[in-house]
Amino acid sequence: MTDAVEQARAAAAAAQAAAEEARRLADEAARRAEELAAALVRAAEATSAPDQGEATTSPGASRAGEATAVPDATESACGPTSGTGTVPPDRAAPDATTDPSSNPDAMSTVAPTSTAAPTSTATPTSTAAPAPGTAPAAGPLGADAVEAIRAGYAIEGTALELGALVNGDPLPDVQVRIPLGMLNRHGLVAGATGTGKTRTLQLLAEQIAANGVPVFAADVKGDLSGLAEAGAPNPKLLARTEAIGQRWQGTASQTEFYSLGGQGTGVPIRATVSGFGPLLLAKVLGLNATQESSLGLVFHHAERAGLPLVDLSDLRAVLTYLVSDQGKAELAELGGLSKQTAGVILRELVTFADKGADRFFGEPEIDTREFLRTAPDGRGIVSLLEVPGVQDQPEVFSTFLMWLLADLFNELPEVGDTDKPELVFFFDEAHLLFSGSSKDFREQIVRTVRLIRSKGVGIVFVTQTPRDLPDDVLAQLGSRVQHQLRAHTPDDAKALRATVSTYPTSDYDLGQVLTSLATGEAIVTVMNEDGAPTPVAWTRLRAPQGSMDALPSDVLEARVASSPLLARYGTPVDPESAREVLAARMESAAAEAAAAQAQADAEQEAARAAASAAEEAAAQAARDERERTAAQAEYERTQREFERAERAAAGRRSRSSSTRASRTGGRAGDDPLGGLLGNGLGQAIAKEVVRGIFSTLRRRR
């Protein structure tokens, strides 16, 4: 039921949008009919007064400064020759009778503009020629508008030649230029895929370098390397350049080729993890705000503890150490680092490294002042970062470029406004930089873009639509070269209207013009020498003088091999860094712990031996005591037995003496043993015998 309701709502919304579009088209058709009727009236008046010698000017044309030719009355109100004149004669205008539902661009290609009167092929009644110095009425601009553009782009100082004004046909005497000194006000080259953005980038880079200004650009698709070789002429190229007043001659630019970490052909560009910083790294890893804050804490601790973060293994080592038993106390005073957060960061680092990003980090770190060099002949060197191998890693690529820009900002001194920039930095595929970026990251970019102008660095963003850039960045741009935009979807149409609303007022129907530009044409407005915006100009751009084909791989490799920078940056080095320091620290701690454990074990063993000895001594003493006790008991028993025997013997002696005495008449000396035992000497002898037997004799108390 819910799906059915949603489908019904969607159908209703679509029907409402179709109805509004139909009403708009009807209004446009009515207005167009009124304008054609007015034109027919003027034609009739001109026919009735041929002696005036000039074509009657319509009110709309008078406002635009344009002489309006009389339209052929036999033309259909929706025919291609009765349009606004914004489609050049060498390209067929869209068929206005096509059903708008089958032509998404119909709403922008059919409707005329109220700022310029309709023009068409002149009838025989319009015999007057345009006044000297005025443009023919073949395009959307009148003579006054053309003269305003001519004056607006009349640059007195050094300027870059962009091309010739298009007003139906190109006007080679009306050239569109950018003042060289205004390039540090930044710029934008935008347009749909295949509309000529890359060739515009090449055209600008060649002229900037020719005027002694170094250039840095990323060659994402690998087709800018032809800058290093002179272009070859061909009839089509010469016909185009002649039509716009360009004296074309093939010219090569002094070019240096770089690669990210040696991935690709070029002098390797590397950065240390410390130099890259936690904010950019958090953006690459896709960390949330809490994880980004924890990563910043890790960087802070590493710097304070003297732990150089050179590559990703160093950062992993520090993270592992800080959540271990040995290291977790070091961050306690700063809030600590939870194992869960450290685990997330470690997992993202492993994934990041698996994509090959670990090759981007290390030493020797590139000195960004290498990009500020000029050739011996005074021309600027074009530094091309060849990155066709990392198109599947857009965030890595764009963030690395942002690091280069941030490092330049930190390295360069303040120079203010100068006659020409110190460096022009082309940021190709700029939409990749802001896709999914955090608020802090965007703020850093905006701050860098705003402040780096005072360092003499100009930035040119190259992307598909202006909406790819944040409003705060767009607000900093002084020059715009807008190639064709497409409006095949409602979102595209919305973006087109938003783009049109950002241009100064002009006599163009920009919504129609931007969707009908040919390849190599653009709508241009720049900042003049006084800092004011120039008039909006439909421009047919010049052709680059370098080759528009990529260099063969063997030629490119030979140029890189001959670079003087290869000896300095070509071979990676592995200095002592956080990983080695922590490993040595943990090894030392482990050795100390082992020594302490050994000492404790020795002390424990000694204690056990002492206890065992004491126990044995106690046992021996107990045994001795038991033996003494047993001997004493035995002695006492023997003593008692001896005493009993002595008493018994004494009794027997007494009885025996009595008997013998009675028998012998009292002669006691007749019994020698009894006499011996009975006297004192005999008793002493008996005691000594007992003492010898039992080794001791208890003294009676």
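Does Leu 514 count as buried or exposed, and what is its relative accessibility? Select Leu 514 and take a look: its relative accessibility is 0%, so Leu 514 counts as buried. Keep in mind as you go that this is a predicted model.

While you're there, trace the chain on either side. Leu 496 and Leu 514 are 18 residues apart along the chain, and their C-alpha atoms are separated by 8.2 Å.

Next stop: helix H8, residues 278–285. This helix is mostly covered, with six of its eight residues buried. Pick out Leu 280, Leu 281, Ala 282, Lys 283, Val 284 and Leu 285 to see the buried ones. Then step just past the end of H8 to Gly 286, which takes a positive phi of about 70°.

Now jump to helix H14 (439–451). H14 has 13 residues, and from first C-alpha to last it reaches 18 Å, close to the 18 Å expected at 1.5 Å a residue. Its buried residues are Phe 441, Gln 444, Ile 445, Val 446, Thr 448 and Val 449.

Finish on the surface. Select Asp 440, Glu 443, Asp 471 and Asp 472, and you'll have a patch of negative charge. Helices H14 and H15 (471–474) are the elements that each give two or more residues to this negative patch. Zoom in on Asp 472, which belongs to H15.

How values were computed
Residues numbered from 1 in each chain as written. Predicted model: local features only at pLDDT ≥ 70, side-chain atom pairs only at ≥ 80, totals over all residues. Heavy atoms only, no water. Patch = residues over 30% accessible without salt bridge, like charges linked within 9 Å, V, L, I, M, F, W, Y side chains within 5 Å. Areas by Shrake-Rupley, 256 points an atom, 1.4 Å probe, with all protein chains shown as cover. Salt bridge = Lys/Arg side-chain N within 4 Å of Asp/Glu carboxyl O. Lys, Arg positive; Asp, Glu negative; His and termini not counted. Charge placed at Lys NZ, Arg CZ, Asp CG, Glu CD. Helix = DSSP H or I, 4+ residues; strand = E, 2+ residues; numbered from the N terminus. Expected span 1.5 Å × (residues − 1). Buried < 20%, exposed > 50% of the residue type's maximum accessible area, 1.4 Å probe, protein only.
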